[in-house]
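Biologist: Could we go through this model together, starting with the charged pairs? Please keep the answers plain.

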Amino acid sequence: MASLQSSSVIGSLAYSSGRCRRGMTRAAINMPKLRTAAGGLSLRLPARDLVQEVLDMGIGLSPATTSHVEKKYLSRTVSNVSDPMVIAKLHEIMEAVADRVEMHKNIGEQRDNWNSLLLTSINAITLTAATMAGIAATNVGGPLMALKFSSTLMYLAATGMLVVMNKIQPSQLVEEQRNAARLFKQLHCQIQTTLSSGNPTSSDVEEAMEKVLALDKAYPLPLIGVMLEKFPKTVEPAVWWPQHRQNQEGRSYGNGWSVELEEEMREIVGVLNRKDTEDYLRLGKIALKVNKILSISGPLLTGMATCGTAFVGSSHAPWATIVGVVAGAMASVVNMMEHGGQVGMVFEMYRNNAGFFRLMEETIESNLNERDVGRRENGELLEMKVALQLGRSLSGLKNLAASSSKKGEAIEEFASKLF
């Protein structure tokens, strides 16, 4: 339509110019032919070629008119061209994200080896010390002192290693790196999608940078200084996303949104908050409590075994031997339950699941609180994305919202069917 308007404007200008030049040869303008397409009329020549052709024919357009025509019909073409600097920045961010994926993957494998090697080594040392303590109780003289001293040293070494291992929780570190690698891969795909859309902006660069920094803060690589607290006082969902920005302007509908969809999304948020997030936080508290008990029990038992072996061969030999052997065996069992069962990893998994549902809540709420519907995510796409993330069909999502609206907090169904 813009090209058709340019044809009428230039034609009228040429007609008035020809009438003003009395006695002079009229200039003939050969306009490009219109060609009928399935979607309407289109011109064979683009806007700039049309303007240049008219100028070359010698029509008396003033410089002001020429500048106006070029600015009007070339501005849209220029606006659709992506800024090369923006594209270059997004490519740099994408390379950094890909590098972080590899770093977290490699470090996760390394810390998984830590967990296996430390668990095997500590249990081997503990059981060997318990065996030596039992043998020492049946000997006297030189062998007694050698066995007792060796058993005591091995128990001390096992106690120190257990304290360090329980402090850093290698299985939990592995789960952190595993989640970080997955989320960085997800961010890498999002940046690729932005670049393939064909018109990234500086706001996309800022958003990608914020997401990278938020992930770096949520899943730090170093162990000293910035390591996540393994035994927090309160269990909170993991947060790996930047704060959503909201605009508080006049409300309108469109962009796939309607009053019914807004009510449906509000009900889904309520179910996620009351059921899924709350349940995983409850499970996370249980896992944390069990992990604390096991983390204290292991070094305590090896410490008791150390004291018991120190008194082997004395007047308290029977009880000392029992404590030295039994406490060491129990310490191996506790260590196997804690680190072989990867209780720390289970706690981190529950915490991340709660964070996943919290992110869904905030994403939906940020769209609902956005008053300018044009700046919202498309409503139909958001509904489909929520349904896929919860493992439901669109009809199942609507049924869940309807059930929540009727039953309120008495609803027993969870929003997610995946986990």
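Biologist: Which residue forms a salt bridge with R351?

Modeller: This is a predicted model, and in it R351 pairs with E348 in a salt bridge. Their closest N and O atoms are 2.9 Å apart.

Biologist: Where do R351 and E348 lie?

Modeller: Both are in helix α10. They are three residues apart, which is about one turn of the helix.

Biologist: Are R351 and E348 buried or exposed?

Modeller: R351 is buried, and E348 is buried as well.

Biologist: How many salt bridges does the structure hold?

Modeller: There are 14 salt bridges in the structure. One of them joins R376 to E262, with the closest N and O atoms 2.9 Å apart.

Biologist: What does the pair of R376 and E262 tie together?

Modeller: R376 belongs to the loop between α10 (343-369) and α11, while E262 belongs to helix α8, so the pair ties together parts that are 114 residues apart in sequence.

Biologist: And is that pair buried or exposed?

Modeller: R376 has a relative accessible area of 5%, so this residue is buried. E262 is buried too, because its relative accessible area is 3%.

Biologist: Which residues are linked with R376 in a network of salt bridges?

Modeller: The network links R376 with E262, E263 and R266.

Biologist: Which residue does the side chain of E264 meet in a salt bridge?

Modeller: The partner of E264 is K398, at 3.4 Å from N to O. This pair links distant parts of the chain: E264 is in helix α8 and K398 is in helix α12 (residues 394-407), 134 residues apart.

Biologist: Let us turn to helix packing. How do α8 and α11 cross?

Modeller: The axes of helix α8 (residues 259-310) and helix α11 (residues 379-390) come within 11 Å and cross at roughly 25 degrees. Angles under 35 degrees count as roughly parallel, and α8 and α11 are therefore roughly parallel to each other. The crossing of α8 past α11 is left-handed.

Biologist: Which residues make the contact?

Modeller: From α8 they are L261, E264, M265, I268 and L272, and from α11 they are G379, E380, E383, V386 and L390. The residues of this contact comprise six nonpolar, one polar and three charged.

Biologist: Leaving aside neighbours within four places in sequence, which residues is M336 in contact with?

Modeller: Those residues are L119, N123 and G341.

Biologist: How much of the protein counts as buried?

Modeller: Of its 419 residues, 39% count as buried. As for contacts with a separation of 6 or more, residues 24 or more positions apart account for 82% of them.

Conventions: Residues numbered from 1 in each chain as written. Predicted model: local features only at pLDDT ≥ 70, side-chain atom pairs only at ≥ 80, totals over all residues. Heavy atoms only, no water. Axes fitted to C-alpha atoms, helices over the stretch in contact; angles between N-to-C directions. Helix = DSSP H or I, 4+ residues; strand = E, 2+ residues; numbered from the N terminus. Parallel < 35°, antiparallel > 145°, perpendicular 65-115°, else oblique. Left-handed = near helix turned anticlockwise from the far one by under 90°. Contact = heavy atoms within 4.5 Å. Nonpolar A, V, L, I, M, F, W, Y, C, P; charged D, E, K, R; others polar. Salt bridge = Lys/Arg side-chain N within 4 Å of Asp/Glu carboxyl O. Buried < 20%, exposed > 50% of the residue type's maximum accessible area, 1.4 Å probe, protein only.
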